[in-house]
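Here is a short report for a reader meeting this structure for the first time. It goes through single residues, then sheets, then a pair of helices.

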Amino acid sequence: MTQLSLYWDADDEVEDVRRYTTGGFHPIRLGDVISSPSGSSQYRILHKLGRGAFATVWLAEELRAPSQRYVALKVCVADADPSHELSIFSRIPQGEETQDILRLRDSFSLKGPNGVHMVLVHDVLGSLLSVVRSPVGQKQVRMLCRQIACGLAALHRHGIVQGDLHAGNAGVALPTLNEHSPREILDYFGHPECTIILPTVLPEHPEAFPPYLVPPISISDYMVSKDPVFAKMPLHAEIMDLGNALVIDERVRPFCTPAAVCAPELMFGRVAQSNDLPPTRASDIWSFACTIYELVFGARLFHFAAPNDALLGAMATLCGEVPLVWKNYWNSRERLSSMSTDFTRGCQCRVATPARTHHERNWRGAHAGRS
């Protein structure tokens, strides 16, 4: 990774500037027009929607659409496998069965100073967590969870493991977004608080860096605040970001499931055996359960989760027992062996059942008497 010293440090809301190097991010400025190689598609960058380890995501307007249309441009790092995510989408048929999975609208390659980048074009989705925490979404959590379940089931039926399912990788459709002008949207968020990229020493390839880094906006906050029609509509959740998905029984993808939603069998392999096992349909379901918990109770099931013995102990306490195959490792670790533990050959068990959390008690009280 590039060693870089800046006059002004960036905060945690933006991507790591050191990833702007060969094989890394593509430098993008607000107002850039990104075109497909054939020129048939053109998109003008309006603002940033998000960023991850392998891509930045941008709000853009489609310049050659017959009417105003916004899209989300996912610009992948140059060293990403350009064919993998496309092959995943090719397995997903369009239709009612897959309506809870974000569709791929367009894709093309983009050549830049850091390499050739795959660009994926999707509809713009709002933050699921932001919407759920608003008055608009609080009454529709059960329906949103059901839609995510349907999307996950559809992926599994078509031989795909999502592999990275959490609340940040599901979004809410914004069917009335195109009715808002760019000025209305940008005026709502105000002047971007950019971090200027000014290295203390002139880098070897200055063209690899953008002139500034932009923190992302929450387009769902705008819609909840400024669109009364959206605020009264039934919400629709969609699973997005299939960059870490894999075909069932595929064994070549790296381990990418976040610790907070990682299934116990995968976490045990990582912690105890230094073995990054590939995700499975079963581990997807565990991740989905953790996601439901966060959406319903407003907090993560495992706080400050990291691949360590503490997380394994928390998982065992929650589930109620420890698999027999964990026994040797369990007894060799002071922190784990001190727990009152029963071992079983199956997947159910008996450890002290944890007390209900504050969030659970409040939720149960508020929903008392409901079916």
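Serine 109 sits in strand S5, which covers residues 106-112. The model is a predicted one. Serine 109 has a relative accessible area of 34%, so it is partly exposed; the class lies between the 20% limit for buried and the 50% limit for exposed. Leaving aside residues up to four places away in sequence, serine 109 touches Pro37, Val116 and His117. Alanine 78 is 31 residues from serine 109 in sequence. In space, the C-alpha atoms of serine 109 and alanine 78 are 9.8 Å apart.

Is serine 220 buried or exposed? Its relative accessibility is 1%, so serine 220 counts as buried. Serine 220 belongs to helix H6. Its contacts, again without residues up to four places away in sequence, are Gly126, Ser127, Ser130 and Val131.

Two loop residues come next. Serine 274 has a phi near 50°, a positive value in a residue other than glycine. The loop that holds serine 274 runs between helix H8 (264-272) and helix H9 (281-297). Phenylalanine 304 also has a positive phi, about 50°, and is not a glycine. Phenylalanine 304 lies in the loop between H9 and helix H10 (309-319).

| Residue | Relative accessible area | Class |
|---|---|---|
| Serine 109 | 34% | partly exposed |
| Serine 220 | 1% | buried |
| Serine 274 | 67% | exposed |
| Phenylalanine 304 | 85% | exposed |

Now the strands. Strands of a sheet pair through backbone hydrogen bonds, either parallel or antiparallel. Strand S3 spans residues 55-62. It is mostly covered, with 7 of its 8 residues buried. Strand S2 (residues 42-51) pairs with S3 in the antiparallel sense, over 7 bridges. A hairpin of 3 residues links S2 to S3. Across this pairing, arginine 44 has glutamate 61 in S3 as its bridge partner. S3 is also joined to strand S4 (residues 70-76), by 7 bridges, and the two run antiparallel. There, valine 57 stands opposite lysine 74 in S4.

Another group of strands forms an open sheet. It has 3 strands in the order S7-S9-S12, and the pairing is antiparallel. Which strands stand at the edges? They are S7 (125-127) and S12 (237-239). Each has a single partner strand, so one side of each is left without a neighbour in the sheet. Direction ignored, neighbouring strands of this sheet are turned by 50° against each other on average. S7 and strand S9 (residues 170-173) run antiparallel and are joined by 3 bridges. Leucine 125 stands opposite alanine 173 in S9. Helix H4 (residues 141-157) packs on the sheet and touches S9 and S12. The direction of H4 makes about 30° with that of S12.

Last, a helix pair. Helix H5 (residues 182-189) packs against helix H6 (residues 219-226), with the axes 11 Å apart. How are the two helices oriented to each other? The angle is about 105°, and H5 and H6 are therefore roughly perpendicular. H5 contributes Glu184, Ile185, Tyr188 and Phe189 to the contact. From H6 come Ile219, Asp221, Tyr222, Ser225 and Lys226. By class, this contact has 5 nonpolar, 1 polar and 3 charged residues.

Technical notes:
Residues numbered from 1 in each chain as written. Predicted model: local features only at pLDDT ≥ 70, side-chain atom pairs only at ≥ 80, totals over all residues. Heavy atoms only, no water. Axes fitted to C-alpha atoms, helices over the stretch in contact; angles between N-to-C directions. Helix = DSSP H or I, 4+ residues; strand = E, 2+ residues; numbered from the N terminus. Parallel < 35°, antiparallel > 145°, perpendicular 65-115°, else oblique. Contact = heavy atoms within 4.5 Å. Nonpolar A, V, L, I, M, F, W, Y, C, P; charged D, E, K, R; others polar. Buried < 20%, exposed > 50% of the residue type's maximum accessible area, 1.4 Å probe, protein only. Pairing = 2+ DSSP bridges.
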